[in-house]
Amino acid sequence: MFTVSVCSLKGGVGKTSVTLGLASAALHQGVNTLVIDLDPQGDTTLGLLGEPATSTDVADVLSAPRTETVDRAIIPTPWSQGASSHLDIIPGGHRSVLVDTPAPGPKDIRRLRDALDKRTHQWDLVLIDCPPSLNGLTQMALAASDRSLVVAEPGFFAVTAADRALKLAYEMREEKLAPRLQPLGLVVNRYRPRSVEHQYRLAELRELFGDRVLEPVIEERVGLQQAQGGAVPLHQYQGASGKRLTEDFDALLKVVLDSRQHS
């Protein structure tokens, strides 16, 4: 089981869109996947289920990380109906703020890792959608992960936020809070190629972070929002921008899965 945290330190960069795009690519490619929604906004849950969860959710898992709680929280998504692979979710929602804290102790940070260790189900890939902060929930996700994927937009504040998010992964590994964790890199999302500002900021990110800026860069396309609004996989979206988007997320998933070879 290969676990990847999708994180950012500011809202509005499309972190959930990237998570859902990767989940769609994984389903399309036959990769059995679990998505964990740690963002209290619960947008990933809405995108995968089409409605808020009403059963056991990630707050219950973190409050009582036992096998029966973990297994009860896992829901097969409508996306995977009729598919050859599984796409499941541990849903999230506003209750997860009750187990969040700005200064978690080592025991708190291990909650999600401990819970996943007690699961009875198996997946090839786990994607964790983190809150846009450095609080306890994000640290719990990173402690349970093999890789961290930082999402940024090509804007003025992107450099500082990306730098802090990448450094957090190194710090948690050095402190032995996240023994398996390696920063995978930076996904630039919502890029508008005709924008001079975006061109400048992308070049700035590449100059500062080098090959940590991953390819492909995800362009801003209406198809991503329309697929999410319909709560359907991106790979089933029939709009004009669907082909380019699916190609980009297929390529990004390959980068994610190939990184398993560099542990």
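Buried means under 20% relative accessible area, exposed means over 50%, and partly exposed lies in between, computed with a 1.4 Å probe on protein chains only. By that definition Thr-77 is buried, because its relative accessibility is 2%.

## Model and conventions

This is a predicted model, in which local features need pLDDT of at least 70 and side-chain atom pairs count only at pLDDT 80 or more, while totals for chains, interfaces and linings use all residues. Residues are numbered from 1 along each chain as its sequence is written, and side-chain values use heavy atoms, with hydrogens and water left out.

## Surroundings of Thr-77

Thr-77 sits in the loop between strand S3 (75-76) and strand S4 (87-90); helices (H or I, at least four residues) and strands (E, at least two) are DSSP runs numbered from the N terminus. Not counting residues up to four places away in sequence, Thr-77 touches Leu-48, Leu-49, Leu-87, Asp-88 and Ile-89, where contact means heavy atoms within 4.5 Å. Its C-alpha atom is separated by 9.9 Å from that of Gly-47, 30 residues apart along the chain.

## Nonpolar cores

A nonpolar core is a set of buried Ala, Val, Leu, Ile, Met, Phe, Trp, Tyr and Cys residues joined through side-chain atoms within 4.5 Å. The largest one has 40 residues, and Ile-36, Leu-38 and Leu-112 have the most contacts inside it. Helix H8 (residues 158-174) supplies the largest share of this core, six residues. Another core, of 37 residues, lies apart from it and includes Val-35, Leu-125, Leu-127 and Val-151.

Leaving aside neighbours within four places in sequence, Leu-112 is in contact with Ile-36, Leu-38, Leu-62, Ile-128, Met-140, Ala-141 and Ala-144.

## Annotated domain

UniProt lists residues 3-174 as "domain: AAA" in an unreviewed entry. Its positions are given in the numbering used here, feature names are shortened, and annotations may be inferred rather than shown by experiment. In the model, this span is 41% helix and 16% strand, and its end C-alpha atoms lie 19 Å apart.

## Helix H1 and its packing

Helix H1 (residues 15-28) packs against H11 at an angle of about 85°, with the axes 9 Å apart. Axes are lines fitted to C-alpha atoms, for helices over the stretch in contact, and angles run from 0 to 180 degrees between N-to-C directions. The two helices are therefore roughly perpendicular, a class covering 65 to 115 degrees, with under 35 counted as roughly parallel, over 145 as roughly antiparallel and the rest as oblique. H1 contributes Ser-17, Val-18, Gly-21, Leu-22, Ala-25, Ala-26 and His-28 to the contact, and H11 contributes Phe-249, Asp-250, Leu-252 and Leu-253.

Thr-16 also lies in H1 and counts as buried at 13% relative accessibility. Beyond neighbours within four places in sequence, Thr-16 contacts Asp-43, Thr-44 and Asp-129.

## Loops and backbone geometry

Tyr-237 lies in the loop between helix H10 (222-229) and helix H11 (242-258). Tyr-237 counts as buried at 18% relative accessibility, and its C-alpha atom is separated by 5.9 Å from that of Ala-227, ten residues apart along the chain.

Most residues other than glycine have a negative phi, and most peptide bonds are trans. Glu-215 and Pro-216 are joined by a cis peptide bond, with omega about 5°; Pro-216 lies in the loop between helix H9 (196-209) and H10. Lys-176, in the loop between H8 and strand S7 (182-188), has a positive phi near 65° and is exposed at 68% relative accessible area. Arg-190, in the loop between S7 and H9, has a positive phi near 60° and is partly exposed at 26% relative accessibility.
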